[in-house]
Amino acid sequence: MTTAPPNATPEGGTPENTEDTAVPQPPVPAWRPNEAAGDLPDTVVHRQVVTGLHHPTGDPLTVHLTGLGSDAWESTVTLPEDGVALIEVTATEAVTLRAEWRVPCVGATAYWTPDTNASRWLPPSWTAPRTVSLALGAPVAALVGTHDRALCTAAAGETAAPVRVGAGVVEESGEFAFTVEQELTPGGPPARLRIDLSGRHFATTLRAVTDWWAEGLDHPGVAPAARMPAYSTWYSLHQNVDAAVVEHQAVLAAGLGCESIIVDDGWQTADRTRGYGHCGDWEPHTEAFPDLAAHVAEVHRTGLAYLLWYALPFIGRHNDAWDRFKGMILREVPELDAAVLDPRHPEVRGYLIEKVSRAVEEWGMDGVKLDFIDLFARADPPPAPAGADHDTVHEGVRRLLADLDARLRRTRPDVIVEHRQPYVSPGLWPYATMVRTVDCPLSPAENRQRIVDCRLTAGPLAVHADMIMWNSAETPESVAVHLVNALFSVPQISVDLAAQTPDQLAALGFWLGVFRRHADVLQLGSLEPSRPDLGYPQVRAGDDRTTIVARYAPLPVALPDRDATDGPGTLLVANADGDPVVLLTTGRPERALARVQDCRGEILSETVLDLVAGVNPVTVPTGGLLTLTREH
């Protein structure tokens with residue numbers, strides 16, 4: 001085993017505190033039961049990096065770097081802004097690079113990651129790290145403290161190759177440890193880490209991460225229809241789709257304010273058993289869709305854009321393509337009656353591109369919904385087989401999506417492409433228009449939390465809610481609650497619109513109108529969710545004129561600060577809580593016009609309020625909306 005002294009100091013100045021240049025030692029070990037000392041290579045190099053950052057306690061932040069297998073690597077540190085350090089490590093030999101640093105676990109309330117299955121509780125340090133890659137997750141995390149301030153937000157710059165990201169409470173020291181591990185190769189991309197100890201709101205630090213990822217990125221833009229309400233056939237019809245049913249729902253959806261329709265599974269098969277054994281040939285079920293191009297033209301006459309679903313990785317056992325490709329798979333998935341294709345094969349990519357492109361080129365559709373891309377990711381892919389032209393799966397996935405995107409845009413430059421959590425890597429941004437939250441039917445609180453998580457790292461993409469559905473006996477107030485939980489996204493509606501009551505339709509139409517009128521603020525405004533440890537009980541978005549707050553628990557709503565004629569003049573408060581008494585808080589007396597609407601949009605009152613400094617109660621029914629216009 002060898003060791004080496006530190007070789008990195010921040011550029012642009014000397015840190016106030018520097019580390020001893022003696023042979024560095026690893027931190028006090030955290031108990032990790034799955035790590036065996038016998039697995040270490042002969043060469044293990046420890047180096048300490050002085051970052052120039054300081055914890056709120058005043059202590060300096062030191063990053064401990066370990067090189068497994070080589071000492072031929074170098075690190076640099078830069079300080080691009082107050083409280084932020086960028087660390088870059090390059091190697092001239094193959095090495096496994098592990099970075100670890102710790103922050104005092106003082107006032108910590110939540111641990112945020114984009115992992116859709118993660119709680120916000122603080123994990124122990126012995127929790128297995130998550131492996132993120134191009135097709136699964138994103139390499140970013142934040143330890144959040146009181147008042148929603150980030151104690152530490154960290155991200156890796158590698159967004160394609162697998163990166164192992166770990167974190168957790170170190171029982172031995174009362175600290176919170178972050179670890180990032182990446183394989184480095186000569187001439188390959190460096191390890192890049194961004195560590196933020198600025199103490200800003202955690203959403204602000206995550207926006208800074210997405211800005212960092214976006215540097216030099218050329219995104220083709222988002223088609224306007226992708227930011228407007230949509231109709232999906234999945235929960236409302238499942239596989240029971242045909243041309244007549246889809247056209248009928250399209251007419252009704254357009255009348256309510258939707259601007260696109262997404263036809264999901266079922267268009268390609270007569271099977272109605274919900275498996276994926278009939279995926280892979282991607283030919284229309286001719287009894288249900290005898291003339292798909294004519295059907296798409298009919299839907300276009302309603303004013304809706306049309307997207308078609310593809311389970312991109314699947315080849316089903318009941319398809320003609322099974323025999324052709326069964327030797328070009330990553331693995332079988334028996335419970336789904338299908339297998340996952342290996343995108344390292346040029347023949348696989350060419351076949352999928354030809355099949356998916358037909359939606360736009362032959363049938364005149366506006367885009368595609370690409371499902372299950374995350375299934376390309378696996379921890380132990382087989383070695384590149386004979387005939388493959390890429391060594392790694394992530395390289396094959398990127399080539400597949402890049403070539404497909406180029407092909408689609410030759411016909412339709414503004415093509416709409418839907419991806420879905422958990423494949424939210426910024427490496428996929430150039431090949432998508434929108435990203436939808438993971439399936440969570442009839443779970444508005446989960447939909448809200450997944451939407452916010454997705455919004456925080458979605459970069460240029462439009463974020464869509466999971467399809468919104470409700471029981472046929474649901475009250476209009478509850479329908480409105482479902483919609484308000486999706487307020488900061490693009491809603492996808494998935495109920496039989498022909499079977500809704502007048503009150504249900506009134507609630508749906510009213511809230512879709514709110515989505516449409518305020519789309520710029522709701523989707524592009526500065527997003528500030530509160531209390532990730534409690535599932536975001538209040539979320540707000542705003543620009544220099546309008547602030548919109550959604551209230552999911554009986555919490556007071558603070559009016560945005562403003563001086564004289566400056567600051568937001570309009571405040572909208574959407575009440576999704578059962579308590580109708582909304583407490584408005586302000587720091588000074590002022591007058592405002594208050595309009596209260598119920599869940600159907602009917603105006604219940606319009607009054608001038610004389611707000612006092614402190615707390616001001618206003619009654620807003622569940623599913624209703626308060627619009628407050630403040631006087632200059």
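Select residues 163–170 and 175–184. These are strand 10 and strand 11, which run antiparallel and are joined by 7 bridges. Strands here are DSSP runs of E, at least two residues long, numbered from the N terminus along with the helices (H or I, at least four residues). Now pick Arg164; its bridge partner in strand 11 is Glu181.

This is a predicted model, with local features needing pLDDT of at least 70, side-chain atom pairs counting only at pLDDT 80 or more, and totals for chains, interfaces and linings using all residues. Numbering runs from 1 along each chain as its sequence is written, and side-chain values use heavy atoms, without hydrogens and water.

Next, colour domain 1 (44–214) and domain 3 (529–630). These bounds come from an automatic or database domain assignment. Their centres, taken over C-alpha atoms, are 37 Å apart.

Zoom in on where they meet. Here 9 residues of domain 1 contact 6 residues of domain 3 (heavy atoms within 4.5 Å). Select Arg120, Asp148 and Phe202: they supply 55% of the area that domain 1 buries against domain 3 (accessible area, 1.4 Å probe, lost on putting two parts together, summed over both).

Finish with strand 6 (108–112) and helix 1 (202–214), each supplying at least two residues of the domain 1 side. Strand 6 gives the most, with 3 residues.

Methods. Pairing = 2+ DSSP bridges.
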